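Me: I would like to go through a model feature by feature. Please give the general idea first, then the case at hand.

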Amino acid sequence: MTTAYDVREALGDEDREACFAVRREVFVEEQGVPRELEYDTYDATAVHVLAVRADGLPLGTGRLLHGADALGKTGADASVGSLGRLAVAKAARGLGVGAALVRGIEDVARERGLTAVDLHAQTHALGFYERLGYEAYGPEFPDAGIPHRAMRKAL
């Protein structure tokens, strides 16, 4: 089964609320991440990307931190963006939405003149990101009680 969907930069309050709803479903409800850890001050300045089905149903989201917001996550390299909060609704998994979101975030990073994208991947998702060209570096570390590794891809 194929499902038609678009990946685009989230614009306006309605799009942002759709992004937050997917994150709430995946991270807060499914994975048990405390709400106060899931939503942060970076949400106000991040570029949010949204995958939305033709009928308007949000399927997935992710965000890009850039500039000063990304420095603490990228080794203080202003030319590197930080991909995060990548989430695909349970009903949309297996449709290629996650890979399409990553490509959309990379496009946003290129548009902003960034040379690479860093991310902190849950360890179970390392293979997914490796298939998209990301390379893990550094030791495993916990984030919200979930094991992660840092990864990077040059654009």
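**Pocket, core and selected residues**

Me: Which elements each supply at least two residues of the lining of the largest pocket?
Reply: At least two lining residues each come from helix 1 (12–30), helix 2 (35–38), strand 3, strand 4, helix 3, strand 5, helix 4 and strand 7 (146–154). Helices (H or I, at least four residues) and strands (E, at least two) are DSSP runs, numbered from the N terminus. This is a predicted model, in which local features need pLDDT of at least 70 and side-chain atom pairs count only at pLDDT 80 or more, while totals for chains, interfaces and linings use all residues. Residues are numbered from 1 along each chain as its sequence is written, and side-chain values use heavy atoms, leaving out hydrogens and water.

Me: What is the volume of the largest pocket, and which residues lie nearest its centre?
Reply: Rolling a probe the size of a water molecule over the atoms shows where empty space is left. Here a pocket is an open set of points on a 1 Å grid over the protein atoms alone, where a 1.4 Å probe fits and protein lies on both sides within 12 Å along at least five of seven lines; lining residues have an atom within 4 Å of a point. Points are joined across faces, edges and corners, and the volume is the space filled by probe spheres set on them. The largest pocket comes to about 880 Å³. Its lining has 38 residues, with Phe27, Arg85, Leu86, Gln122 and Tyr129 nearest the centre. Strand 4 gives the largest share of that lining, seven residues.

Me: What is the phi of Arg85?
Reply: Most residues other than glycine have a negative phi. Arg85, found in strand 4, has a positive phi of about 55 degrees, although it is not a glycine.

Me: Is Glu38 buried or exposed?
Reply: The classes are buried, under 20% relative accessible area, exposed, over 50%, and partly exposed in between (1.4 Å probe, protein chains only). Glu38 has 3% relative accessibility and so counts as buried. Glu38 belongs to helix 2. Beyond its neighbours within four places in sequence, Glu38 is in contact (heavy atoms within 4.5 Å) with Arg23, Phe27, Val28, Val33, Asp43 and Arg85.

Me: Which residues of the largest nonpolar core touch the most other members?
Reply: In soluble globular proteins, nonpolar side chains tend to be buried together. A nonpolar core is a set of buried Ala, Val, Leu, Ile, Met, Phe, Trp, Tyr and Cys residues joined through side-chain atoms within 4.5 Å. The largest one has 26 residues, and Leu83, Tyr129 and Tyr134 touch the most other members. Two or more residues each come from strand 2 (47–53), strand 3 (58–65), strand 4 (80–88), helix 3 (97–111), strand 5 (116–122) and helix 4 (126–131). Helix 3 provides the largest share, seven residues. A second, separate core has six residues, including Val22, Val26, Phe27 and Ile146. Among the residues that Tyr134 touches, apart from those up to four places away in sequence, are Leu83, Val102, Leu119, Tyr129 and Met151.

Me: With which side chain does the side chain of Asp118 make a polar contact?
Reply: A polar contact is a pair of N or O atoms within 3.5 Å; within protein, one must be able to donate a hydrogen and the other to accept it, and residues adjacent in sequence count only if both atoms are side-chain atoms. Asp118 pairs with the side chain of Arg152 at 2.4 Å. Asp118 sits in strand 5 and, at a relative accessible area of 1%, is buried. Outside four places in sequence, the contacts of Asp118 include Lys73, Thr74, Tyr137 and Arg152.

Me: Where does Lys73 lie?
Reply: Lys73 is in the loop between strand 3 and strand 4, and its relative accessible area of 26% makes it partly exposed. Lys73 and Leu119, 46 residues apart in sequence, are 8.0 Å apart in space, C-alpha to C-alpha.
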